[in-house]
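Here's a quick briefing for anyone meeting this structure for the first time. Take a look at the sequence and the model, then read on.

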Amino acid sequence: MKECLICVDAGGTKTEVVGFTLDGKEIAKHIGGSGNFAFDAKTAVKNIFSAVETVYEEIKNDYEPLIIQMGISGYGAYKDKEGLIHQFQSYFNTTVHIVDDARLALYSILKDQHDEGVLILAGTGSACFGIKGEESLLIGGWGHLLGDEGSAHHLVLQTFKLMITDEDEGRPARPIAIKMLEHLGLDNTFDLKQYVYGHTKAEVASNSQYINELAEQGDEDAIKLLVQSGHYLAKHVELMVQRLALKEDVIIGCQGSFILNSKTVKEAFKEKVYSFNPQAIIHDKPERPVVGAYYLGLRHINKGVS
């Protein structure tokens with residue numbers, strides 16, 4: 001019987017499960033429900049198990065899975081890790097490895113060629129993940145109440161704070177304030193309080209797209225705020241390089257809609273990174289994280305062989 005890997009990328013929106021041959025050919029795929037342990041771990045486990053089972057049933061007559069490699073959002077805070085691994089291993093009768101989903105995204109860039117690198121995550125929230133050999137480190141990722149600098153949510157709050165400061169100090173409303181209030185359908189700056197506390201983090205963060213549009217139209221405040229976001233993210237990378245003593249031509253991957261979809265943020269980030277590490281290799285066209293699961297799983301298999 002031929003050999004394969006079953007690879008899992010479980011996040012807040014969906015769970016992607018793919019069967020790969022040892023040489024990287026995709027043989028089966030299934031998209032399941034949310035697999036984020038931070039929101040609802042019980043439902044996440046059910047969704048992940050169901051998605052893996054679907055792929056397993058499709059390939060089991062022709063392929064033997066040597067490993068199930070998973071990356072699960074929120075896995076670091078999950079309490080019963082051993083029980084979860086045992087559940088999957090006993091049912092599917094194969095080796096199971098589970099890591100946080102950020103590690104998958106990084107290995108999708110490092111593939112099986114490099115042993116150190118940095119991943120910057122910037123979507124609704126932000127974080128920076130790095131590895132060097134067996135050592136790994138997370139910088140940022142504190143959540144919107146404690147940090148998340150360089151994220152979409154943080155950008156919108158910084159814009160609101162700029163508007164609030166002008167109001168408190170009696171300055172005339174600047175163009176970005178007038179346009180933002182119109183965009184939100186609010187009458188005045190005081191209505192921001194009700195808006196922020198009456199909407200979810202994701203809903204607030206979605207306004208970053210409008211701020212990006214204003215920057216593209218030449219709004220100076222929008223441009224400054226987006227550039228600042230890029231610099232926040234670059235600072236995370238700088239700290240990572242220093243703390244892990246990474247090489248000069250370190251590989252840096254970008255993941256998340258905020259940095260990938262904003263030209264201003266991306267360019268500011270790159271410019272700042274190159275200012276302290278001119279030989280850095282920045283990847284801003286990422287593979288699917290599930291591909292990282294393939295490369296990470298392949299490393300485990302090769303270690304087992306050796």
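Predicted model: local features only at pLDDT ≥ 70, side-chain atom pairs only at ≥ 80, totals over all residues.

Residues are numbered from 1 along each chain as its sequence is written, and side-chain values use heavy atoms, with hydrogens and water left out.

**The nonpolar cores**

- The largest nonpolar core has 45 residues, and the ones with the most contacts inside it are Phe160, Val237, Ile252 and Phe269. A nonpolar core here is a set of buried Ala, Val, Leu, Ile, Met, Phe, Trp, Tyr and Cys residues joined through side-chain atoms within 4.5 Å.
- Helix H9 gives this core its largest share, nine residues. Helices (H or I, at least four residues) and strands (E, at least two) are DSSP runs, numbered from the N terminus.
- Apart from that core lies another one, of 28 residues, with Val8, Phe37, Ile59 and Met70 among them.
- Val237 touches Val118, Ile120, Cys128, Ile252, Phe269, Val273 and Phe276, if you skip residues up to four places away in sequence. Contact means heavy atoms within 4.5 Å.

**The loop between S8 and H4**

- Leu145 sits in the loop between strand S8 (135-140) and helix H4 (152-168). Leu145 counts as exposed because its relative accessible area is 75%; the cut-offs are under 20% for buried, over 50% for exposed and partly exposed in between (1.4 Å probe, protein chains only).
- Together, Trp142, Leu145 and Leu146 make a nonpolar surface patch of about 460 Å². Patches are made of residues with over 30% relative accessible area and no salt bridge, with like charges joined within 9 Å and nonpolar side chains (Val, Leu, Ile, Met, Phe, Trp, Tyr) within 5 Å. The areas come from the Shrake-Rupley method with a 1.4 Å probe, and for residues only the protein chains shown count as cover.
- Asp148 is also found in the loop between S8 and H4, but this residue is buried, with a relative accessible area of 4%.
- A polar atom of the Asp148 side chain lies 3.3 Å from the backbone nitrogen of Ser126. Beyond its neighbours within four places in sequence, Asp148 is in contact with residues including Gly125, Trp142, His154 and Lys201.

**Salt bridges**

- How many salt bridges does a search of the whole structure find? There are 15, a salt bridge being a side-chain nitrogen of Lys or Arg within 4 Å of a carboxyl oxygen of Asp or Glu.
- Arg171 and Asp166 pair up through their side chains at 2.9 Å, N to O. Arg171 is partly exposed at 38% relative accessibility, whereas Asp166 is buried at 3%.
- A network of salt bridges links Asp166, Glu169, Arg171, Arg174 and Asp221.
- In helix H9 (residues 220-244), Lys235 and Glu238 lie three residues apart, about one turn of the helix. The closest N and O atoms of their salt bridge are 3.7 Å apart.
- Lys266 and Asp284 form another salt bridge, at 4.0 Å, N to O. The pair links distant parts of the chain, 18 residues apart: Lys266 is in helix H11 (residues 263-276), and Asp284 is in the loop between strand S10 (281-283) and helix H12 (289-305).
- Lys266 is buried, with a relative accessible area of 19%, and Asp284 counts as buried at 18%.

- Is Asn207 buried or exposed? Asn207 is buried, with a relative accessible area of 5%, and its place is in the loop between helix H7 (201-205) and helix H8 (208-216).
- The side chains of Asn207 and Tyr195 are joined by a polar contact of 2.8 Å. A polar contact is a pair of N or O atoms within 3.5 Å; within protein, one must be able to donate a hydrogen and the other to accept it, and residues adjacent in sequence count only if both atoms are side-chain atoms.
- Gln255 belongs to strand S9 and counts as buried at 15% relative accessibility.
- Asp249 lies in the loop between H9 and strand S9 (251-255) and is partly exposed, with a relative accessible area of 33%.
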